[in-house]
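Thanks for making time this morning. I would like to walk through one model with you, element by element, so please keep the viewer open while I talk.

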Amino acid sequence: MTVLDLDACLEKLYKKQLLAECVLKEICERTKELLMSESNVVHISAPVTVVGDIHGQYYDLIEIFRIGGHCPDTNYLFLGDYVDRGLYSIETISLLTCLKLRYPDRVQLVRGNHESRAVTQTYGFYTECVRKYGSMQVWKYFTDMFDFLTLSVVIDNNIFCVHGGLSPTIHALDQIKIIDRFKEEKSLGIQWILIIRKEIPHEGAMADLVWSDPDPDKEEFAISARGAGYTFGKLVVERFLYINNMDHILRAHQLCNAGYQVLFDDKLSTVWSAPNYCYRCGNLASILEVGVNGERFFNVFDAAPENDRVVENKENTQIEYFL
């Protein structure tokens, strides 16, 4: 068993140094054990700073800590899509995973649609793992761990937080809690536990939570052009909030040129935390600071200056779609 010094790991990762493959294996195993105890709906209290998509833009993650505060001084809720697109997915997810292990009550990690084997094989994370470590093993360690990430978080019983959006099959939070995010079995003799890992399905409630988007021109649910999840309108949002006695939905998943977007009479917000997305889109980014009295403040920021070197030296990356 690898001896794991999390503080030493964090010191390396804050310097953008890769951890040894055996260390990452141990980190992922321990993170799975921690995440297994979390519900599909994790309840937390404000104050908390909410972070949207990062997509492997490591320097911008460090910029987030500069402007929002470092752990454990600031509580963080990350809404998924940690990998793919950017050039430093391994450094990004390694840092976030170590922070979750080191400060489990102050760091929350939600699953996004890119935390899956199929998507990461296409949009960069798999290739980055093979290039930096010489095999697919690190990719396998992390994608196995992704299966254990929670699906949603509720802040002060009042703000519902999810990566993508709502589902026509989910009306109440209890319906999210019973989604089979992983399956656990025990033998009758000498006790053992078998975990059957669960990839994000192509359809159904779990897929909708990570893939769906709000549409200001719609009232109800409609087919999504993404090919997964749904679009949903104002009436859907109002109905969900009423049934669950909440005031606001907070999600990520969509590029916002201003860094954030507020819809449906301030009942739903999108937070986007990858500035100059893919090092070429020119957009701003934001983090959302939720105060103890429920007040919400979007802290808007631009790309970290270190990205200038990335743009000059970056590999050829093609953008085929925006998630």
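Let me begin with a question: in which loop is Pro 72 found? Pro 72 is found in the loop between helix H3 (58-68) and strand E3 (76-78), where helices (H or I, at least four residues) and strands (E, at least two) are DSSP runs, numbered from the N terminus. Before going further, a word on provenance: this is a predicted model, in which local features need pLDDT of at least 70 and side-chain atom pairs count only at pLDDT 80 or more, while totals for chains, interfaces and linings use all residues. Residues are numbered from 1 along each chain as its sequence is written, and side-chain values use heavy atoms, with hydrogens and water left out.

Back to Pro 72, then. The peptide bond that joins Cys 71 and Pro 72 is cis, with omega about 5°. There is another cis bond to look at, from Ala 46 to Pro 47, with omega near 5°, and Pro 47 is found in the loop between E1 and strand E2 (48-51).

Since Cys 71 has come up, let me turn to the cysteines. The structure holds 0 disulfides, a disulfide being a pair of cysteine sulfur atoms within 2.5 Å. Cys 71 is in no disulfide, and the nearest cysteine sulfur, that of Cys 98, is 12 Å away. Cys 281 is in no disulfide either, its nearest cysteine sulfur being that of Cys 278, at 5.5 Å. Cys 71 is buried, at a relative accessible area of 10%, whereas Cys 281 is partly exposed, at 26%; here buried means under 20% relative accessible area, exposed over 50%, and partly exposed in between, with a 1.4 Å probe and protein chains only.

Next, strand E5, residues 152-155. Ser 152 and Val 154 point one way from this strand, Val 153 and Ile 155 point the other way, and all are buried. Which strands does E5 pair with, and in what sense? Strand E1 (residues 41-44) pairs with E5 in the parallel sense over 4 bridges, and strand E6 (residues 159-162) runs antiparallel to E5, joined to it by 4 bridges; two strands pair if DSSP finds at least two bridges between them.

Ser 152 deserves a moment of its own. At 0% relative accessibility, Ser 152 counts as buried, and, not counting residues up to four places away in sequence, Ser 152 touches Asn 40, Val 41, Val 42, Val 110, Phe 160, Cys 161 and Ile 176, contact meaning heavy atoms within 4.5 Å.

Let me move to helix H10, residues 234-243, where Val 237 has its place. Is Val 237 buried or exposed? Val 237 is buried, with a relative accessible area of 0%. Leaving aside residues up to four places away in sequence, Val 237 touches Leu 166, Phe 232, Ile 249, Phe 264, Lys 267 and Leu 268. Val 237 and Leu 268 are 31 residues apart in sequence, yet 7.6 Å apart in space, C-alpha to C-alpha. The buried residues of H10 are Val 236, Val 237, Phe 240 and Leu 241. They cover an arc of only 125° around the axis, which puts them on the same side of H10; that arc is taken over the directions from the helix axis to the C-beta atoms. These buried residues pack against E6, helix H8 (173-177), E11, strand E12 (248-251) and strand E14 (268-271). After H10 comes Asn 245, whose phi is positive, near 55°.

Lys 16, with phi of about 60°, lies in the loop between helix H1 (6-13) and H2, and at 23% relative accessibility Lys 16 counts as partly exposed. Asn 276 has phi near 45°, and its place is in the loop between E14 and strand E15 (285-290).
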